[in-house]
Amino acid sequence: MSASEEIAEKYLGQIAAAGDGDALEAIRVAALGKKGEISLLLKTLGKMTPEERQTEGPKINGARQAVADAIAARKDAMDGEALNARLATEKLDMTLPPPSAPKGSIHPVSQVMDELAEIFADLGFSVATGPEIEDDWHNFTALNIPETHPARAMHDTFYFPQTDEGGMAKLLRTHTSPVQIRTMMDVAKQTDGAGEPIYLIAPGRTYRSDSDATHTPMFHQVEGLVIDKGIHMGHLKWTLETFLSAYFERDDIELRLRPSYFPFTEPSAEVDLGFSVESGRRIIGGDPRGENGGWMELLGSGMVHPNVIRNCGLDPDVWQGFAFGCGIDRLAMLKYGMDDLRAFFDGDLRWADHYGFDALDVPTLSGGVGA
Ligand code: 2NL
């Protein structure tokens, strides 16, 4: 037996006897490592005569290959044994709960929209929706907004480059009022101008070319509209008080109406909500005239302008009504305590987890949390 064959024989014996992966690795280093016995033997080939190399080369290389193959085979066998051992001893406990899967949550804006729909449903209002891409007529003209009004300016409203077939400017609605305009026009059409009572809220996405800490280019608005006979400001104030008491879950809500101006209402009123401080925290309700109490502006409202009722094909001498508009994002911030409007639209899951509502455990006004 040549020297290389003897060396190979020795290592093959050790490999067969190796008890674990560490022992096998030690054998590999001793034989095939940088300073391993077989590696050193390979280096001697360089100093041999061509004849010697021709006979010794294949032997030494053969030894190297045989040891390398044996190590690989032994390693495979060890892995197989380890797997068999695990399969024989380990058990799956099928009664353990599964790992939790990522779960979505209800966005606070959607939650507030649901709450609004529920509160106003109790007052006999239905929910109306309409297109977000509107035209000049439904968004401005029908609402008695003059051609020269600043809200129509390019820098306040997102206009589309093309007009519609009739040459009318197309835009992203700046409020949900066009939904009410469409509803009133439909009612006028269906009743041949005779009209019938309308009680609705129109929640949805609205757009204005505006962006800072308190304004995002897309925001959510809810508008309310009542059209009936003999409607007056008293109905408006009672409706808003009833709505806000239910929404903020307080029976001591106070409202302050301040004279204002909107082209689509006359008279118009800005509505302030009274707040006070309870145990160091600012809360809606309580005594706004007390220490640290005050008023915060919440919504705009008024009696629907006769021109608007007429523009929709109804007779303002027969039908009167009130309307109001309010930011939903702001309503959510006040009730659930968020401080930065921009976070509403960042899509950060950590924020949603913190403020969002469990999809399977949504608080409802009728049932409460966990109902
Ligand atoms: C505000 C003011 C308001 C309305 C919206 C309205 C709609 C029709 C007719 C008359 Cl179809 N009025 N909507 C009325 C008063 C105020 O919103 O400050 N919103 C955030």
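**Exercise 1: helices α3 and α4**

State whether α3 passes α4 in a left-handed or a right-handed crossing, then describe how the axes of the two helices are arranged.

Solution.
Step 1. The crossing of α3 past α4 is left-handed (the near helix is turned anticlockwise from the far one by less than a right angle; clockwise would be right-handed). The model is predicted: local features need pLDDT of at least 70, side-chain atom pairs count only at pLDDT 80 or more, and totals for chains, interfaces and linings use all residues. Residues are numbered from 1 along each chain as its sequence is written, and side-chain values use heavy atoms, with hydrogens and water left out.
Step 2. Locate the elements: α3 covers residues 37–44 and α4 covers residues 50–89. Helices (H or I, at least four residues) and strands (E, at least two) are DSSP runs, numbered from the N terminus.
Step 3. The two axes come within 10 Å and cross at roughly 160° (lines fitted to C-alpha atoms, for helices over the stretch in contact, with angles from 0 to 180 degrees between N-to-C directions). α3 is therefore roughly antiparallel to α4 (under 35 degrees is roughly parallel, over 145 roughly antiparallel, 65 to 115 roughly perpendicular, the rest oblique).
Step 4. On the α3 side, I38, L41, L42 and T44 are in contact with I60, N61, A63, R64 and V67 of α4 (contact: heavy atoms within 4.5 Å). Sorted by class, this contact has 6 nonpolar, 2 polar and 1 charged residues (Ala, Val, Leu, Ile, Met, Phe, Trp, Tyr, Cys and Pro are nonpolar; Asp, Glu, Lys and Arg charged; the others, Gly among them, polar).

**Exercise 2: helices α5 and α8**

Find the angle at which the axes of α5 and α8 cross, and name the residues that meet.

Solution.
Step 1. The axes come within 10 Å and cross at roughly 130°. α5 is therefore oblique to α8.
Step 2. α5 passes α8 in a right-handed crossing.
Step 3. V112, E115, L116, I119 and F120 of α5 meet T239, F243, A246 and Y247 of α8. The residues of this contact divide into 7 nonpolar, 1 polar and 1 charged.

**Exercise 3: an open sheet**

Give the order of the 3 strands in the open sheet, and explain why one side of β3 and of β4 is left without a neighbour.

Solution.
Step 1. The order is β3-β5-β4, with antiparallel pairing (two strands pair if DSSP finds at least two bridges between them).
Step 2. β3 (133–135) and β4 (159–163) are at the edges and have a single partner strand each, so one side of each has no neighbour in the sheet. Neighbouring strands are turned by 35° against each other on average, direction ignored.
Step 3. β4 is joined to β5 (residues 169–172) by 2 bridges. T163 has A169 as its bridge partner, and Y159 has L171.
Step 4. The hairpin of β4 and β5 has 5 residues between the strands, and G167 there takes a positive phi near 80°.

**Exercise 4: helix α10 and strand β12**

List the buried residues of α10 and name elements that cover them.

Solution.
Step 1. In α10 (residues 328–336), I328, D329, L331, A332, M333 and K335 are buried (under 20% relative accessible area; over 50% is exposed, in between partly exposed; 1.4 Å probe, protein chains only).
Step 2. Their cover includes α5 (108–122), α8 (233–248) and β12 (320–327).
Step 3. β12 itself has 6 of its 8 residues buried.
Step 4. β12 runs antiparallel to β7, with 8 bridges, and to β11, with 4 bridges. L225 stands opposite A323, while G300 is bridged to G325.
Step 5. Just after α10, G337 takes a positive phi of about 80°.
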